[in-house]
Amino acid sequence: MLNDTYFKLLIFVLCLFVNHFSWAESQTDGLPVETTFTFPGPLPTILPDEGGFGKGIIDLGGLEVAQVSINTSTAQRVWSTYEGGRDNMGFSIFEVTNNIPGNFLKLGFYAQPNNQKRFGSVLVARSVSSVSNLRPPEDFIEVGNTTSLNIKQDWPAYVWQPVCLDGYQAVGMFITSDPQKPLLTQQYTSCVRSEFTEQSEADALLWGINGVSVFNLRPIIRGTQATGVYTGTFSFQGLSSAPLPPLFSLKNTKLNMSCMPSEAQTRVLFQTYSPLIYFHPNEDFLPSSVDWFFTNGALLYQKGNESNPVPIQPNGTNLPQGGSNDDLYWLDYPVDKTLKEKIKGGDLSSTKVYLHIKPMFGGTYTDIVVWIFCPFNGNANLKFLFIKRLSLGDIGEHVGDWEHVTLRISNFNGMLWRVYFSEHSGGTLVEACDLEYVDGENKPVVYSSLHGHAMFSKPGLVLQGDGNNGIRNDMERSDKVLDCGVGYEVIAGLPGVIEPPWINYLRKWGPQVTYNIEKSLEGFAKVLPWFVRKSFYKLISKIPVEVLGEDGPTGPKEKSTWTDDEEHS
């Protein structure tokens with residue numbers, strides 16, 4: 001009788017577990033994260049080369065790392081929540097279980113939002129020096145758990161951070177489904193010798209609810225000469241009120257750029273991922289090549305000798321070289337009105353894009369920065385309350401407009417990871433799984449905003465300002481389209497590439513224009529009811545100065561992103 005009771009109790013517990021597991025599995029049915037992202041076209045063929053690009057493993061100077069892609073065959077989902085975060089779909093945490101090279105060890109778990117297809121990667125590592133650069137944790141401390149969060153979840157998640165021996169640092173977290181500490185073995189999460197780590201900070205917000213946030217981690221210092229390596233791990237914030245030891249990024253102590261692509265490999269990469277840029281059907285101010293701008297009448301002006309502008313030679317051979325943006329020189333249109341209007345309109349047929357090749361994250365990624373030049377930036381339009389489109393007259397107009405799109409590509413395997421879209425004073429990084437592509441190809445589709453030429457990943461309306469009011473960015477498909485892979489020139493970043501003279505012209509590509517913005521806006525404000533004028537002025541104060549455009553822009557080399565990471569939130 002007693003055995004029969006125990007047997008029935010066991011069956012009851014098993015049924016509860018199976019039902020709970022079935023419920024958890026059913027919650028993910030239909031979510032994007034349950035499907036692995038695949039590119040619509042073939043990945044680039046890695047041409048043979050003596051360098052280390054595309055070889056799968058990168059040596060950081062005694063610590064080798066490999067990149068494991070997250071998909072249904074390589075990683076196991078260990079926990080999910082189904083609300084909060086992007087599109088209120090929650091997020092999931094994964095542990096790499098397969099496709100780990102021999103003797104490589106895990107550094108931490110991977111997390112991503114549920115509104116994305118399964119995509120991304122996390123690094124694994126092995127020590128290849130006489131000194132042990134990896135070792136098991138000494139202990140684990142509980143960062144917190146989700147038992148008190150009133151959310152839809154598989155089961156309570158317990159979040160652990162490794163406690164490392166002096167001289168070693170943790171770069172990732174460990175997740176369990178019960179309050180028992182993980183085993184102290186390298187099988188789960190390794191500690192890394194401090195020599196191979198540097199400080200990290202929050203990158204993209206993956207999920208947040210009830211004061212708890214989850215972020216990807218990235219190195220604090222980023223740029224062409226920075227040593228920090230993107231690991232692919234994440235941090236929980238807000239689960240505990242007590243201060244926690246920091247998590248670190250990896251560091252490339254070698255930094256000899258041996259894993260950067262060669263010129264031939266770079267051209268293969270760009271032919272595979274070169275963007276297609278759509279301009280608005282009502283766009284009056286299209287791009288051109290730099291030489292078209294010069295040979296059709298652009299002039300070089302000098303302070304103190306404004307009455308004697310100089311025609312610019314092809315490729316800018318007579319432009320002042322070096323120096324700084326000191327307002328001694330600037331470019332402008334010819335006086336002839338017919339020529340001026342012709343140049344303002346640009347020439348799509350002559351347009352080529354200009355490529356700057358940059359190492360990122362300690363040489364483990366390659367940025368192909370795609371620069372586009374427009375001879376003229378059109379005026380701004382405002383949406384405010386019931387006014388859908390209010391022209392701001394000549395406010396926002398300026399001569400010369402440089403915009404760019406950046407392709408961020410893994411040097412482990414040549415796979416596109418993210419694309420950066422420049423948008424006036426900042427921009428947006430979009431992961432490859434969230435992009436629109438040309439049918440059957442891996443070429444991202446880009447939309448240029450009407451008149452302002454800011455770059456976006458989707459068509460529609462984006463407002464810069466405050467909520468439902470602001471400067472309009474209108475994007476739409478049209479037959480005005482630029483295939484960046486057809487006409488391009490590598491201007492910097494590859495061995496043997498000679499920079500064109502115009503890239504080292506560091507002054508303004510247009511004159512400084514003084515608009516009486518206050519007077520113009522006062523005129524607009526007068527037509528508004530008195531009780532909304534305060535809101536109108538508050539809105540204008542939030543618009544980036546670059547959008548209002550009184551100053552001529554500088555060229556690509558004067559931008560901070562020439563050597564730094566892209567500016568994004």
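The model is predicted, with local features requiring pLDDT of at least 70 and side-chain atom pairs counting only at pLDDT 80 or more, while totals for chains, interfaces and linings use all residues. Residues are numbered from 1 along each chain as its sequence is written, and side-chain values use heavy atoms, with hydrogens and water left out. Helices (H or I, at least four residues) and strands (E, at least two) are DSSP runs numbered from the N terminus. Buried means under 20% relative accessible area, exposed over 50%, and partly exposed in between, with a 1.4 Å probe and protein chains only.

**Disulfide and other cysteines**

- The count comes to 1 disulfide, the term meaning a pair of cysteine sulfur atoms within 2.5 Å.
- This disulfide joins Cys 164 to Cys 191, with an S to S distance of 2.1 Å, and it links distant parts of the chain, since Cys 164 lies in the loop between strand 10 (158-163) and strand 11 (168-169) and Cys 191 in strand 13 (residues 191-193), 27 residues apart.
- The torsion about the S-S bond of Cys 164 and Cys 191 is about -80°, so the disulfide is left-handed, and both Cys 164 and Cys 191 are buried.
- Cys 259 counts as buried at 9% relative accessibility, and Cys 433 counts as buried at 11%.

**Salt bridges**

- The structure has 25 salt bridges, where a side-chain nitrogen of Lys or Arg must lie within 4 Å of a carboxyl oxygen of Asp or Glu.
- Glu 34 and Arg 77 meet through their side chains in a salt bridge of 3.7 Å, N to O, with Glu 34 in the loop between helix 1 (2-28) and strand 1 (57-59) and Arg 77 in strand 3 (residues 75-81), 43 residues apart.
- Within this pair, Glu 34 is partly exposed, with a relative accessible area of 28%, whereas Arg 77 is buried, with a value of 16%.
- Arg 472 forms a salt bridge with Asp 474, their closest N and O atoms being 2.7 Å apart, and both residues are buried.
- In the salt bridge between Lys 557 and Glu 499, the closest N and O atoms are 2.6 Å apart; Lys 557 lies in the segment after helix 7 (545-548) and Glu 499 in the loop between strand 35 (488-492) and helix 5 (517-526), so the pair ties together parts that are 58 residues apart in sequence.
- A network of salt bridges links Glu 201, Asp 203, Arg 218, Arg 222, Asp 367, Arg 408, Arg 418, Glu 431 and Asp 565.

**Aromatic rings**

- A search of the whole structure finds 34 aromatic pairs, counted when rings of Phe, Tyr and Trp (its six-membered ring) have centres within 6.5 Å, with planes under 30 degrees apart taken as stacked, over 60 as edge-to-face and the rest as tilted.
- The ring centres of Tyr 333 and Phe 376 are 6.4 Å apart and their planes stand at 45°, so the pair is tilted; both Tyr 333 and Phe 376 are buried.
- Lys 344 lies over the face of Phe 376, at 4.5 Å from the ring centre, a charge sitting over a ring if NZ of Lys or CZ of Arg is within 6 Å of the ring centre and within 35 degrees of the ring normal.

- Phe 140 lies in strand 9 (residues 139-145) and is buried, with a relative accessible area of 1%.
- Leaving aside neighbours within four places in sequence, Phe 140 has contacts (heavy atoms within 4.5 Å) that include Trp 160, Phe 174 and Leu 184.
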